[in-house]
Amino acid sequence: VTLLGNSERREDFVREALLPNVRPVLLTWRGAPTIHKRRFVDNHTGARMFEIYLMQDAPLDPGVESELADHLNGALGDYDLVLAAEYGHGLFSPRTIALLSEKGRFLAVNTQANAGNRGFNTIAKYPRADYVCLAMHEVALETRMRHGQSRELVLEVTKRVRCPRFTVTQGKDGSLHYAPECGFTEVPALATRVTDRVGAGDAVLAVTSLLVAHGAPWDIVGFIGNVAGAQMVAELGNRATLHKSSIAKHIISMMK
């Protein structure tokens with residue numbers, strides 16, 4: 001479920017990018033463009049130089065908000081896992097967040113901090129979740145402590161949102177996982193080639209949410225999540241799609 005504008009809509013591009021088993025619900029934000037982020041990349045080094053955002057930076061239209069609420073009310077009970085990937089550009093209003101927190105059977109959440117939301121998109125907006133997956137800089141933003149110890153910052157976040165399970169990605173330092181009943185688990189990074197970090201956190205969120213919802217041990221959650229992250233950082237942008245078969249082959253090659 002996502003939101004497209006009625007100008008610069010790019011719906012054909014969106015549908016062509018989705019795998020056949022994804023059934024999108026594409027709501028329309030009237031009077032706004034589809035969010036479009038254009039990155040300018042150095043052709044020689046591949047380094048990102050700057051980016052331009054095209055988007056409507058305003059509260060969600062009440063009519064669209066009601067349309068989204070009606071859809072969620074009818075759909076949330078049908079799913080074992082509800083994954084909220086929030087980029088902080090208006091779709092997730094307080095009403096929507098309250099609905100997800102109340103009715104999501106197993107709610108997994110990421111609140112991404114990026115140049116377009118300027119620090120306003122933090123996890124404390126959610127009164128409840130079953131699993132939270134954040135990058136360390138997003139944890140630091142929530143706690144307003146840039147230089148604290150990782151574990152101390154995670155424990156501070158657990159006081160602000162009612163959630164029993166956390167994953168924090170730390171780039172080259174791997175991932176940190178926490179649950180009150182077993183404490184912290186640390187898993188090293190597994191990337192051997194880093195081309196572009198875009199999409200890595202989304203991949204970790206998607207894969208680990210499935211594993212946590214199934215009750216997998218934290219070392220397995222971290223290991224497979226970091227394999228998924230390693231595959232994404234090896235490619236430019238989001239042009240590669242994760243597949244079960246590619247993850248399995250990656251794991252088998254590591255074990256040889």
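The following conversation goes through a predicted model of a protein, from its overall dimensions to single residues.

Reader: To begin, how many helices and strands are there in the protein?
Author: The protein contains 8 helices and 10 strands. Please keep in mind that this is a predicted model.

Reader: What radius of gyration does the protein have, and what would a compact globule have?
Author: The protein has a radius of gyration of 18 Å, which agrees with the value near 18 Å for a compact globule because the chain has 256 residues. Along the principal axes, the C-alpha atoms fill a box of roughly 50 × 45 × 40 Å.

Reader: And what share of the residues is buried?
Author: Buried residues account for 43% of the 256 residues. As for contacts with a separation of 6 or more, 62% of them join residues 24 or more positions apart.

Reader: What does Leu100 touch, apart from its neighbours in sequence?
Author: Beyond four places in sequence, leucine 100 is in contact with Leu72, Leu76, Val82, Ala84, Phe92, Leu107 and Arg128.

Reader: Which residues of helix α3 are buried?
Author: In α3, residues 94-103, the buried residues are Thr96, Ile97, Leu99, Leu100 and Ser101. They pack against α2, β5 (82-86) and β6 (107-111).

Reader: Serine 101 is in that list. Why does serine 101 count as buried?
Author: Serine 101 has 6% relative accessibility, so it falls under the 20% limit for a buried residue. Leaving out residues up to four places away in sequence, serine 101 touches Leu107, Tyr126, Pro127 and Arg128.

Reader: A change of topic: how many cavities of 30 Å³ or more does the structure hold?
Author: The structure holds 1 such cavity. The largest cavity has about 40 Å³ of space.

Reader: Which residues line the largest cavity?
Author: The lining is formed by Thr111, Asn121, Thr122, Ile123, Leu134, Glu138, Leu141 and Glu142. Helix α4, residues 136-143, gives the most to this lining, with 3 residues. By type, the lining divides into 3 nonpolar, 3 polar and 2 charged residues.

Reader: On to backbone angles. Which value is phi of glutamate 8 near?
Author: Phi of glutamate 8 is near 50 degrees, a positive value in a residue other than glycine. Most residues other than glycine have a negative phi. Glutamate 8 is placed in the loop between β1 (2-7) and α1 (11-17). With a relative accessible area of 43%, glutamate 8 is partly exposed.

Reader: What about arginine 144: where is its place?
Author: Arginine 144 is in the loop between α4 and α5 (150-158). Its phi is near 60 degrees, again a positive value in a residue other than glycine. Arginine 144 counts as exposed, at 59% relative accessibility.

Reader: Finally, is glycine 222 buried or exposed?
Author: Glycine 222 counts as buried because its relative accessibility is 1%. It is found in helix α7, residues 218-233.

Reader: Which residues is glycine 222 in contact with, neighbours in sequence aside?
Author: Outside four places in sequence, glycine 222 is in contact with Ser175, His177 and Val187. Glycine 222 and histidine 177 are 45 residues apart along the chain, and their C-alpha atoms are separated by 7.5 Å.

Definitions and conventions:
Residues numbered from 1 in each chain as written. Predicted model: local features only at pLDDT ≥ 70, side-chain atom pairs only at ≥ 80, totals over all residues. Heavy atoms only, no water. Contact = heavy atoms within 4.5 Å. 1 Å grid on protein atoms, 1.4 Å probe; cavity = no way out; pocket = protein on both sides within 12 Å on 5 of 7 lines; lining within 4 Å. Points joined across faces, edges and corners; volume = space filled by probe spheres on them. Helix = DSSP H or I, 4+ residues; strand = E, 2+ residues; numbered from the N terminus. Nonpolar A, V, L, I, M, F, W, Y, C, P; charged D, E, K, R; others polar. Rg over C-alpha atoms; globule rule 2.2 N^0.38 Å. Buried < 20%, exposed > 50% of the residue type's maximum accessible area, 1.4 Å probe, protein only.
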